Amino acid sequence: MAFDQNVFVNCPFDEPFYPLLRPLLFTIIYLGLKPRIATERIDSGEARIAKIVELIQESKYAIHDLSRIKATKKGEVFRLNMPFELGIDVGCRLFKGGEHEQKKCLILVGERYKYQAAISDLSNSDVANHQNIPEDVVVEVRNWLSSTCGLGADGASRIWDSFNVFMGDNYDALTARGFSKRDIERLPVPELLESMESWVDENV
């Protein structure tokens, strides 16, 4: 897979995040790029950190969602996987050299300035706030990739509308194959990516 086309996606993988993850992945694919995500392949014998490092090294672009790093209830700890992977990505850009010096990243948050309490080193960095709204995820990802990659992409509203049509078409196709609503909600990422890529190839 071409380094220049790959977009590493660093985000939570819990079900409450799925309404944001799906339009994020769809937007990347709609724009002709390739999302790379740790759950793109499932192999219990593969060390997770080794896979993440590999994906980061193979991707010129990265999107890091830090909207879920704070604890939500008493006794819960901060979620540090996303900041950790952001650090690996920045380190690869700074220290690996060669084409990796061209790496670019977008940091997404759900609440402006809240992340600074956990990672004060980012206080002078540009971040994008999607406010935990799926349509705003499309806006922020589309705008950053179009500008950074020089794509001259379709507007965010068209991409959002296309995403919703895809979701309806995919639901109908999966229910016809015997999937329940719960099955569809929990569709593995590799199958979701395959469905998105096929739909975009046929409809965009």
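How many nonpolar, polar and charged residues are in the lining of the second largest pocket? In this predicted model, the lining of that pocket has five nonpolar, one polar and three charged residues. The volume of the second largest pocket is about 170 Å³. Its lining is formed by Arg22, Met167, Asn170, Tyr171, Lys181, Ile184, Glu185, Leu187 and Leu192. Helix H5, which spans residues 156-176, contributes at least two residues to this lining, and H6 likewise contributes at least two.

The overall architecture is as follows. The chain contains seven helices and five strands. Read from the N terminus, the order of these elements is β-α-β-α-β-α-β-β-α-α-α-α. The chain has 204 residues, and 44% of them count as buried. Among contacts in the chain with a separation of 6 or more, 68% are between residues 24 or more positions apart.

One cavity of 30 Å³ or more is found when the whole structure is searched. The largest cavity holds about 50 Å³ of space. The residues lining the largest cavity are Tyr18, Leu21, Arg22, Ile184, Glu185, Leu187, Val189 and Leu192. Six of these lining residues are nonpolar, none is polar and two are charged. At least two residues of the lining come from each of helix H1 (18-30), helix H6 (181-185) and helix H7 (189-203). H1 provides the largest share, three residues. Arg22, Ile184, Glu185, Leu187 and Leu192, which are among the residues lining the largest cavity, are also among those lining the second largest pocket.

Tyr30 also belongs to helix H1. With a relative accessibility of 9%, Tyr30 counts as buried; the cut-off for this class is under 20% relative accessible area. Leaving out residues up to four places away in sequence, Tyr30 touches Asp154, Arg158, Ile159, Ser162, Val200 and Val204. Tyr30 and Asn203 are 173 residues apart along the chain, and their C-alpha atoms are separated by 9.9 Å.

Helix H2 comprises residues 48-57, and its buried residues are Lys51, Ile52, Leu55 and Ile56. These residues lie on the same side of H2, because the arc they cover around the axis is only 135°. An α-helix has 3.6 residues a turn, so residues three or four places apart point the same way. The packing partners of the buried residues of H2 are strand S1 (6-10), strand S2 (34-37) and helix H3 (81-95).

Val141 counts as buried because its relative accessibility is 0%. Beyond its neighbours within four places in sequence, Val141 is in contact with Leu24, Thr27, Ile28, Ile63, Leu106 and Leu108. The C-alpha atoms of Val141 and His130 are 9.3 Å apart in space, and the two residues are 11 residues apart in sequence.

Gln131 has a phi near 55°, which is a positive value in a residue other than glycine. For Asn132, another residue other than glycine, phi is positive and near 60°. Gln131 counts as partly exposed, at 46% relative accessibility. Asn132 is also partly exposed, and its relative accessible area is 34%.

The number of disulfides in the structure is zero. Cys105 has a relative accessible area of 26% and is partly exposed. Cys149 is partly exposed too, with a relative accessible area of 21%.

Methods:
Residues are numbered from 1 along each chain as its sequence is written. This is a predicted model: local features need pLDDT of at least 70, side-chain atom pairs count only at pLDDT 80 or more; totals for chains, interfaces and linings use all residues. Side-chain values use heavy atoms; hydrogens and water are left out. On a 1 Å grid over the protein atoms alone, a cavity is a set of points where a 1.4 Å probe fits but cannot get out, and a pocket is an open set with protein on both sides within 12 Å along at least five of seven lines; lining residues have an atom within 4 Å of a point. Grid points are joined across faces, edges and corners, and a volume is the space filled by probe spheres set on the points. Helices (H or I, at least four residues) and strands (E, at least two) are DSSP runs, numbered from the N terminus. Ala, Val, Leu, Ile, Met, Phe, Trp, Tyr, Cys and Pro count as nonpolar, Asp, Glu, Lys and Arg as charged, and the others, Gly among them, as polar. Buried means under 20% relative accessible area, exposed over 50%, partly exposed in between (1.4 Å probe, protein chains only). The arc is that of the directions from the helix axis to the C-beta atoms. Contact means heavy atoms within 4.5 Å. A disulfide is a pair of cysteine sulfur atoms within 2.5 Å.
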